Every structure is written in C-alpha cells, then in structure tokens.
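Look through the sequence and the model below, and then follow the paragraphs that come after them, one part at a time.

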Number of protein chains: 2
Amino acid sequence: MTVPVARPYLAATAGFAAGDDTPRDFLEACLATIEAREGEIGAFVALNLVGARDAADRSSARWRAGKQLSPIDGMPVGIKDIIETADMPTQMGSPLYDGWRSGRDAASVAALREAGAVVVGKTVTTEFAATEPRGTRNPWDPARTPGGSSSGSAAAVASGMLSAALGTQVIGSIIRPASYCGVVGYKPSVGGINRGGSHDNFSQSCDGVLAATSAEAWTVAREIAARAGGDPGWVGVMGPAVPQSRRPTTLALIETEGWARLSDEAGRALDAAIARLRNAGVAILTRRTDAMLGAVEASLADAMALSRDINGWEARWPLNTYRNRDVTKLSRGMVERLSAAEAMTQADYAALLRRRAEVRALWAGLAPSCDAIVTLSAAGPAPLGLQSTGDPGFAVAASLLGVPAVSLPLLQAEGLPLGLQVIGFEQRDADLFATIAGIESLLA
Amino acid sequence: MTVPVARPYLAATAGFAAGDDTPRDFLEACLATIEAREGEIGAFVALNLVGARDAADRSSARWRAGKQLSPIDGMPVGIKDIIETADMPTQMGSPLYDGWRSGRDAASVAALREAGAVVVGKTVTTEFAATEPRGTRNPWDPARTPGGSSSGSAAAVASGMLSAALGTQVIGSIIRPASYCGVVGYKPSVGGINRGGSHDNFSQSCDGVLAATSAEAWTVAREIAARAGGDPGWVGVMGPAVPQSRRPTTLALIETEGWARLSDEAGRALDAAIARLRNAGVAILTRRTDAMLGAVEASLADAMALSRDINGWEARWPLNTYRNRDVTKLSRGMVERLSAAEAMTQADYAALLRRRAEVRALWAGLAPSCDAIVTLSAAGPAPLGLQSTGDPGFAVAASLLGVPAVSLPLLQAEGLPLGLQVIGFEQRDADLFATIAGIESLLA
C-alpha cells in the first residue's frame, strides 16, 4: 500500500515567480494523483479538468508577472458537494438533487476564485451532510471509512489530490474525517465563513477547511472570509496572515463524551502527547484538578443528544418538503429523523436553545485560565467498514459550543493517523492558530 | 374607481362548521376579485388555481368535520416571489431566474400548507426584493406605486384578492407597501420567521405578513413559526393565540429620518392621532421632552446609510456570481450597488456591525419607559408613478434595530391610506400586538 502524502501549496509558491515551477505544473501533479488513486478512493462526484487547467494557466501568468491575487493564487482546491458551484452540479449526496445545477457559486467558492484558487472538483458528501455514506474509502486503508460527512474532502487532501478542500460541520463532519485521514481540519467559530449557497443551514453548523498544514487551513479560511465575510451579521474569520506562534502556558484537557469509547492505543497516544507538553513546561488543567473544568465537562456530558435535538428541529425544513416530493429518495435514517423532529414543539426548541446558551457561557468562563483546550479528535483511528462514518463523540463539543476547533495530524494509533484536537474560544480563531503554532513546535 | 376592500378571513370561519359558508366559497370570492382586477393591478407573477381549489375543498371538508388544522385552515394566501414554492416557479423579479423552479417549498410555505392555508399564487417582487419595480399598480389609484419590494403582496391583500400574503423587509419592504395600500404590515423581530428557502439573506431582513387586520397578521405569523420556528438559532414568533389587549400608559413618538420629507397632510394626520391618544390619557414622550429618546433619535439619524452599507457588504454574494454569469440580466442599479460593495473591506463591515449594535443597545434602553414607539409608516400617501416604489425613510429604523414593527391602516392623507407605525422591542412581538390592540381600540 502507498502511504498517502498530502500536498502543501504555500511552500511551493516560492518557485513560481522565478518560473522554476508553475501552478499549472502543481495542478498536473494533483491530477496525476487523481488519475492514479481516484478509482480506488472515490473522493469526487464531479471534476472540471478543463476549467481547472485554464484557471491554473491564468494563475501561472499572474505569478510570473508578480500579480498573484493572494497567497493561495493557483492552489488546487475541492468543494464539498453540499456547496454550490456555477460550473459543476451540486448534488448533496442525495438522489433528490441528481444533476442539479444552481447556476451560481456559493459565497465561499466565489471568494476562492477571486483569490485565484483553482477549483478542481466536487467532493463526496454523505446524504445532505448527515450520516448516510456515499462510498468514499480511506486513503490509508481502503477497507476503512474516511469519516464523514466531509468524506471526499478529507480523502482527497490526505492523498495529495488537492492541497485543500471545503468541508462543513454541524456535529463532527470536519474534525472526524480530518483525524481519520491524517490531515488538518479547521472548523471555525460559528458564523466564521459565509454560508451563502452552502446547504448546511443549522444554527451550529459552519463551513471550514481541510488542508495539508494548519497554516494552510488558516490561510484558506482567512482569504475566503476577507472576500465573502462571515454569515450575514458576523464579521467572520479575521486576523494576521500568519498568526505569530505563541507557546502556551496552560492548556485544559477535556475528555468529552467520546471518552467512554476511547481505544487503548488512542488513549496512550494522547497521554504521550500530554506528557511531552507537560515536560516542556505547559501546565495542564483536568477535570480532576480544576473545579471549573469539571463543571464544563459535566455540562458537555449530553452534547450529542442536545446537538441532535437542536439539529432535529432545524432539519424539519427542508426534509418535510423533500418527503412530500418523493420519500423514496430519502434514506431510512433521514425519514426517521424527520419523524422524530415532527414530534417536537417550538417550546421544546426554546428550551434546547436556553440549555445551549448555558453550556456556551460556562465554556467562555474558561478563557481567563487557559490558552486553549485539548483532546482527541476521535476515539481511535478510522474504523473498518464503509457502512458508518464513525463516532463523532470527540468532535461534537466544539460544534455545540460554536467555538473554533482544529484537528492536527500529530498522533497515531494502530499504525493509522489520529488527530489531536485543539479548541478555542468564540470569534478568537486567530488566537487559536497562534497557540496551535506553539503546540506544533513543542510536539514536532 | 372602486374603493378596494380587504377580505379578512378569521371572522368568516365562524360559518364553516355549520356549512353556511366554506373555504371554497371564500376562495371563489377571492378568485372573482382577481379575475376582475388583476389585469389592471398586476399583483401576481404566477397562479395555481387548480391547486388552490383543491386545497380549499380539502379545507372545507376539515371544517365540516370539525378537524381544521389551525385558525387559518383554508385562508387564501399569496407568497412573495422571493420565497420558494414547490408548485410554482420562483423568479425573484429577475430575468436570471426566469422560469426557475426549486422543486421545494420554503420553510414558511411548508408551514402555511401544514396549517391548512390555501396558497393561491406568487406575488410580484421588485428585482431581488430591492428597488427595481416590476409594474404592480396601487389598487387605490393605478397611477400610483403600491410601494415595494413586497409590491404584489400588499396590492393583492388591499384589493381583497387574498386575505394575507408573505412579504420580506430589509429596509422598508413590508411597512411601506402596507402603508401605501392601506393594509396591515407586520415585520417581526429579527429571526422571527424561518427564512429557509426565502432569498432575503441579509442580517437585518425578515419574512413577515401583509393582512387585512392586525389580528390576522399576528395569527398567520404565529401559525408559521409554531411549525417552522424562527431562523436557525432563533425560537421565532411565539405567544398567545390572541394577545390580550393592553391599553398603553406611555408611548414614545419618534420622527425618524423620514421626517424631513413629511407631507403636510400626513403630518396633520399623525398629529390628530397623537392628540386622540393624549386625550385618552396616554402619555406621549418626544425627543423634546425626553433626553433618552433624543439620544435614540440622534443614533437613528443615519439609519438609511448604515443599513444600505451593511446590506451592501452582505449583497456582494450572490450579486458577484450573478454578474459573472450575465451582467445584462441585472438592473443598472444592482450593478452599481455591487461595485460600491466591492470597494468595502471586511474591517469596514466590522465597524458597521459595531455601530448597529450600539444603536440597538440604546433602543433597548427605552423599554422601561414606554409600552411601544409610534411614528408614521411613510412620509405621505403612495406617490404618483411606477418608476419608484417610494421613500422608506420611516420604515428603516425598525429594520436596522431588528425589532418588530406593524403598520396599521388607521390614517389617511389626500384621500389615500397612510399607516400608523407601532414599533416594539426585540423578541417581544406578542407584547407589541397586545399594545396594538389597545391602540386600535383607542383610535377606533
């Protein structure tokens, strides 16, 4: 088996001005990897090779002229197929949208093109970015799931088919596949990237980035938000081009509700990383030593149920209109989800929102006492089988909280990648990336 | 000229159980009015008469069996053509969407159908619910504008073609046409009605209702939100079926930036209404007598510019992708708006949001000292001509503030209708309707 190797872009651009290398050459290397591995992995539902080559040639000309539009001018990117593209269909992993074309780019895609990025294709999503898998395989082991719902984005970046790809997360759909595939996954603060034309409409969902390095994940998100902003009413991801590395003095370790299902090797990998941070002089708070952290962990104990109920009410539409149109084109799980949601009332939802606000307020109270919060991104490496996209128990906390979270491919278990998750505070994404740079240098 | 007469629904339902009258008969009266007046007024872009008659027949059977789904079961309603419908195209007043069908109902439309309402047609919107008119005429005088952007909704309700219709407002698109056409217009608190499938994506825009009476406007909004909720993350409009009338003790009178363009007759009509409220024992605060109100008025002095700039940034998408697709299908005004927006930066937008938050905080400070705020809905009656939808100067304050506002057809000027606007506090829509009932009984 070939060990998959991701393909960072920013370092390669150093050669573009001199003409030693070009975005077109970089793209061709990606396309060669797609040619070699896509048949096995199944990361894409659509490709626009003509458009991508044309965009790469225009980027090559800009770099030669010193007129690149941004640091990511020419970067080959993929778009999760829950996000609209003018030049390719948007099918949302659902037969209800077979061949559907919106005729427009989503806000994030328009921003990527304005920044000069090269949109190569649409990456596989589970049905409506929920749980029903659509066949993508893990590039580290084709018998395993890549995770979901941003399945194709994680698999394509991990295998070097693309440098970066857009994903979305409402429970664990960026952090989990990033962990399973061994790439960086960045879920911004709520509102962080404009979701116009992205069909992830939940109150705690976000568009985010899967990339080869944390610096590239930050740069892609920042370049999008500089042009498209956050969701209407939100400023969006903002900050320095390269957040200055900051060595953390204190990190909080949380277990989350995924802990009960932690694999032995994953637990040892986390322990070893925490030990290295402690040895480097970083203070580590835990629920056993810090009362406030204990209260936060207790408040997160039913993060999954709370998130699922909130999402349930918010998913009544459009699922009700899809059911009325053709129920046979919804998975059984989706129909059951709708039935459960239709038993809820507006007053139930009001109570759920109050509970979420309480959990968020508790979390915000941690900010004075630590630089960031760390935990695993998943309970173990990618599980065998393609029938499930795996357990999002470690990823859901940051989704419920609306705070930024990044999965870093720094750990391993059973010879497979495993993410260290670093979680921050709402609308302080740049601070989180500064701390991440510090953590990376301590664990490098 | 026929004086247009609106067609309230709730009172008519008393006869439905006995079979003296039926929703189908009620619908046929609406359709007869459409037949008689639509050629002149031009309120609709699409009608589904077969579907409406079928829905009305099913409603008739439910009422006869005592199994009506809600108080508005059988109510003939229209849907502003910026909001998706499964059975009719959604064309958004733009040639870019000629004949476009989304194949699904918007959240609000799905909720209306679940409540038994009869969806009769799609009502004319200006281009993308902005300023470019699409030919609808005022039922009181076909030489005058009905206002915009909810032009067809206001005209259809005013003339009795429908009992109620959905509108949307980001500046003055419900309050102004309601005033010009002599119907009730209700713009809820921000987040009040789920905008899923409604293409009004601005941070201060809302879906709302145009109706024959304030009670019907409230009931329609409440029945929608009970089924579809507010925007994701917002509970939405909620409260008693009939908010108990509450006689106001204190009202605040604000002038807004529309005051400079106030017509003489409109000013006299407002003065007379205020005098009647004073004579009935209601204390009236003004900027001249109340320092806090003076500060609020000062903060609202550039409400229009602030709103336009906020909307500008938020409209970069999707206008940028529409321009790239076919610039000839955008009005000149829309292209100019996009150019101005593209000169803005994310930091500019951040500053605008900070300013809006300050204005909102000042407004919230009024709550302890008055029951509601009153002003006109427009600077005068509907102006002559169809080239402009009129001046939104009196309507924009509530949009910027994100608070509920209702235009009541209680005044007249130049023999034409003029709205008294009553404005409340964020997420306290039910309280506002209680006060409105009190005001209506004092001014009846």
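Contact here means heavy atoms within 4.5 Å. This is a predicted model, in which local features need pLDDT of at least 70 and side-chain atom pairs count only at pLDDT 80 or more, while totals for chains, interfaces and linings use all residues. Residues are numbered from 1 along each chain as its sequence is written, chains are lettered from A in the order in which they are written, and side-chain values use heavy atoms, with hydrogens and water left out.

With that in hand, take W363(B), which touches I254(B), V296(B), L300(B), I373(B), L401(B), V403(B), I423(B), G424(B) and F425(B), leaving aside residues up to four places away in sequence. W363(B) is also among the residues with the most contacts inside the largest nonpolar core, together with L300(A), W363(A) and L300(B), and that core has 227 residues. A nonpolar core is a set of buried Ala, Val, Leu, Ile, Met, Phe, Trp, Tyr and Cys residues joined through side-chain atoms within 4.5 Å, where buried means under 20% relative accessible area, exposed over 50%, and partly exposed in between (1.4 Å probe, protein chains only).

Now turn to R227(A), which counts as buried because its relative accessibility is 17%. Apart from residues up to four places away in sequence, R227(A) touches L69(A), S70(A), A111(A), E114(A), A115(A), W313(B) and R316(B).

How is chain B superposed on chain A? A rotation of 180° with 0.0 Å of shift along its axis does this, with an RMSD of 0.0 Å, the copies being superposed by least squares on the C-alpha atoms of residues with pLDDT of at least 70 in both. That is the relation of a two-fold axis.
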